[in-house]
Amino acid sequence: QVQLVESGGGLVQAGGSLRLSCSTSGHTFSTYAMAWFRQAPGKEREFVAAISWNGGSTNYADSVKGRFTISRDNAKRTVYLQMNSLKPEDTAVYYCNAMRNWNPPLPLDCWGQGTQVTVSS
């Protein structure tokens with residue numbers, strides 16, 4: 001069973017930065033593409049960014065291109081999301097997941113607890 005533990009969220013002012021981490025266990029991490037998703041209050045969960053199994057390819061939602069960077073460390077079984085130039089509309093609970101499909105980006109069915117990111121104006 002895949003286990004996902006997200007961390008690094010918090011409260012930050014607009015224009016600030018945060019780095020999220022996601023530690024994983026229970027699957028062959030290095031063979032899976034990984035992704036970040038987010039869910040704002042009253043909205044559906046949406047795709048944010050994805051990275052291929054070896055880090056050679058990445059994909060971003062238009063809303064975060066140029067501001068967010070996804071990376072991974074297969075030895076540590078961890079995926080990261082560096083978020084710069086944060087905006088109030090980035091406020092959401094952020095989740096990571098392994099991907100069962102690259103395009104369109106579709107995650108596995110299990111989820112961690114997520115980490116809350118709040119951006120104040």
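Me: Is Ser52 buried or exposed?
Reply: This is a predicted model, in which local features need pLDDT of at least 70, side-chain atom pairs count only at pLDDT 80 or more, and totals for chains, interfaces and linings use all residues. Residues are numbered from 1 along each chain as its sequence is written, and side-chain values use heavy atoms, with hydrogens and water left out. Buried means under 20% relative accessible area, exposed over 50%, and partly exposed in between (1.4 Å probe, protein chains only). Ser52 has a relative accessible area of 10%, so Ser52 is buried.

Me: Which residues does Ser52 touch, not counting those up to four places away in sequence?
Reply: Ser52 lies in the loop between β5 and β6 (58-60); strands are DSSP runs of E, at least two residues, numbered from the N terminus. Contact means heavy atoms within 4.5 Å. The residues touched are Ala33, Ser57, Arg72 and Trp102.

Me: What is the strand order of the open sheet of four strands?
Reply: Two strands pair if DSSP finds at least two bridges between them. The pairing here is antiparallel, and the order is β1-β3-β8-β7. β1 (3-7) and β7 (68-73) each pair on one side only, as the edge strands.

Me: Which residue in β8 is the bridge partner of Ile70?
Reply: β7 and β8 (residues 78-83) run antiparallel and are joined by six bridges. In β8, the partner of Ile70 is Leu81.

Me: Which residues touch the most other members of the largest nonpolar core?
Reply: A nonpolar core is a set of buried Ala, Val, Leu, Ile, Met, Phe, Trp, Tyr and Cys residues joined through side-chain atoms within 4.5 Å. The largest has 35 residues, and those touching the most other members are Trp36, Leu81, Met83 and Tyr94.
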